[in-house]
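Welcome! Here is a short briefing to read with the structure beside you, taken topic by topic.

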Amino acid sequence: MQKLKIGIIGCGGIANGKHMPALKKLDDVEMVAFCDLIEERARKAAADFGTADAKVFTDYKELLKLDLDVVHVLTPNKQHSFITVDALESGKHVMCEKPMAINSAEAKKMLDAAKRTGKKLTIGYQNRFRPDSMYLKRMCEAGELGEIYYARAQAVRRRAVPTWGVFLDAENQGGGPLIDIGTHALDLTLWEMDNYEPAMVVGSTFRKLADTENAANAWGSWDPKKFTVEDSAFGFIRMKNGATVVLESSWALNTLLVDEAKTILCGDKAGADMLGPEGNRLRINGEKYSRMYTTLPELKAGGADFYTGSGDATPADLEARMWIDHVRDDAKPLITKPEQAYVVTQILEAIYTSSKTGKPVFFE
């Protein structure tokens with residue numbers, strides 16, 4: 001099988017922590033080009049993950065001139081849209097790291113470019129590929145929860161503000177925890193529900209703890225002067241079929257109820273959450289024979305890797321494998337569809353807008 005040639009645009013934390021290690025494990029791809037505004041980062045990535053003759057660039061447009069099959073866009077959020085559009089227009093398939101874009105207008109440009117060029121586009125929501133997520137998806141598809149009419153999407157940290165890169169910069173990121181980790185929880189929840197038709201959104205964002213000097217924080221104290229985004233955000237989402245989703249996100253919040261990239265689903269036949277004990281977080285609850293029950297599926301043994309996560313494969317590994325398979329044969333439905341990511345972006349934007357205006361945002 002001929003190896004697919006991949007170019008990496010953005011060689012920072014998410015590239016080194018997720019995408020490049022996962023791609024390196026695949027025997028049918030090769031990373032042949034690397035681009036970063038900081039040349040040394042691109043050179044290091046090429047040395048660590050690239051072919052012997054891998055090329056290095058500081059201008060992504062020069063990388064796009066190469067004969068590549070796939071490009072991974074792993075830059076700050078502000079750059080996602082125009083780089084992705086240019087990559088699609090140059091004839092490449094694109095994996096873009098989440099969120100899709102800083103707003104829905106930019107995301108729509110990406111969606112339109114994928115349709116116009118016929119090239120494949122996906123967004124990096126690897127939490128779909130956790131064992132609990134995939135097992136729950138199969139239950140939802142089988143109708144075992146029935147009609148899911150209430151859900152909670154959770155991405156709550158007590159004190160875990162990312163202090164590196166441009167995470168705290170509103171100009172480059174478009175927002176804080178809502179667009180950073182809230183997007184994972186919302187994507188996971190809507191995907192499990194298979195519901196992408198919002199009707200109305202009400203949202204609140206807060207910047208209450210960001211000015212704290214010498215704050216306790218998982219990655220060291222932040223600089224309040226550079227903290228220009230929200231530290232927490234919350235949304236109430238009503239879908240067109242009446243289902244309701246509550247989204248909670250924070251980097252810094254005075255709470256002990258912390259959990260990240262988790263969902264709670266309530267259906268008319270059964271419910272599910274990801275709040276169980278470590279090692280077996282998925283819980284299913286319901287009623288049978290006039291008695292309530294709670295079950296914890298055993299997700300560590302048996303089954304194919306891409307349904308159970310067995311073996312050494314991480315969610316990032318499985319996402320990479322399915323993405324490349326999708327590029328080759330268009331047969332991997334777990335990969336995030338750009339249309340789905342576009343709705344996630346619309347809802348996130350609506351929460352920001354509602355918070356700013358003090359009014360609900362209605363969808364047509």
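The lining of the largest pocket divides into 19 nonpolar, 14 polar and ten charged residues. In this count Ala, Val, Leu, Ile, Met, Phe, Trp, Tyr, Cys and Pro are nonpolar, Asp, Glu, Lys and Arg are charged, and the others, Gly among them, are polar. Please keep in mind that this is a predicted model, in which local features need pLDDT of at least 70 and side-chain atom pairs count only at pLDDT 80 or more, while totals for chains, interfaces and linings use all residues. Residues are numbered from 1 along each chain as its sequence is written, and side-chain values use heavy atoms, with hydrogens and water left out.

**The two pockets**

- A pocket is found on a 1 Å grid over the protein atoms alone, as an open set of points where a 1.4 Å probe fits, with protein on both sides within 12 Å along at least five of seven lines; lining residues have an atom within 4 Å of a point.
- The largest pocket holds about 1100 Å³ of space, a volume being the space filled by probe spheres set on the points, which are joined across faces, edges and corners.
- It has 43 lining residues, and those closest to its centre are I14, L74, T75, P76 and F167.
- Which helix gives the most to this lining? It is α8, with four residues.
- At least two lining residues each come from α1 (13-24), α4 (80-89), α7, α8 (177-193) and β11; helices (H or I, at least four residues) and strands (E, at least two) are DSSP runs, numbered from the N terminus.
- The second largest pocket has a volume of about 270 Å³.
- Its lining is made of 16 residues, with K137, W191, E192, M193 and D194 nearest the centre.
- Both α6 (131-141) and α8 supply at least two residues of this second lining, which has seven nonpolar, three polar and six charged residues in total.

**V166 and Q173**

- V166 is found in the loop between β7 (148-156) and α7 (170-173).
- V166 and N77 are 89 residues apart along the chain, and their C-alpha atoms are separated by 9.4 Å.
- Neighbours within four places in sequence aside, V166 is in contact (heavy atoms within 4.5 Å) with P76, N172 and Q173.
- Q173 belongs to helix α7 and is buried, with a relative accessible area of 6%.
- With neighbours within four places in sequence again left aside, the contacts of Q173 are P76, N77, I102, V166, F167 and I179.

- Beyond its neighbours within four places in sequence, L63 is in contact with G7, I8, I9, A33, F34, C35, F57, L68 and V71.
- Strand β1 (residues 4-9) has five of its six residues buried.
- β1 and strand β2 (residues 29-35) run parallel and are joined by six bridges, with G7 opposite A33 in β2; two strands pair if DSSP finds at least two bridges between them.

**The nine-stranded sheet**

- Nine strands form an open sheet with mixed pairing, in the order β14-β13-β12-β11-β7-β10-β9-β8-β15.
- β14 and β15 (361-362) stand at the edges with a single partner strand each, so one side of each has no neighbour in the sheet.
- Strand β12 (residues 271-273) pairs with β13 in the antiparallel sense over three bridges, and D273 stands opposite R283 in β13.

**Backbone details**

- The peptide bond from K98 to P99 is cis, with omega near -15 degrees, and P99 lies in the loop between β5 (93-97) and α5 (104-117).
- A261 is a residue other than glycine with a positive phi, near 55 degrees; A261 sits in strand β11 (residues 259-267) and counts as buried at 6% relative accessibility.
- Y289, also not a glycine, has a positive phi of about 50 degrees; Y289 lies in the loop between β13 (283-288) and β14 (291-295) and counts as exposed at 77% relative accessibility.

Conventions:
Buried < 20%, exposed > 50% of the residue type's maximum accessible area, 1.4 Å probe, protein only.
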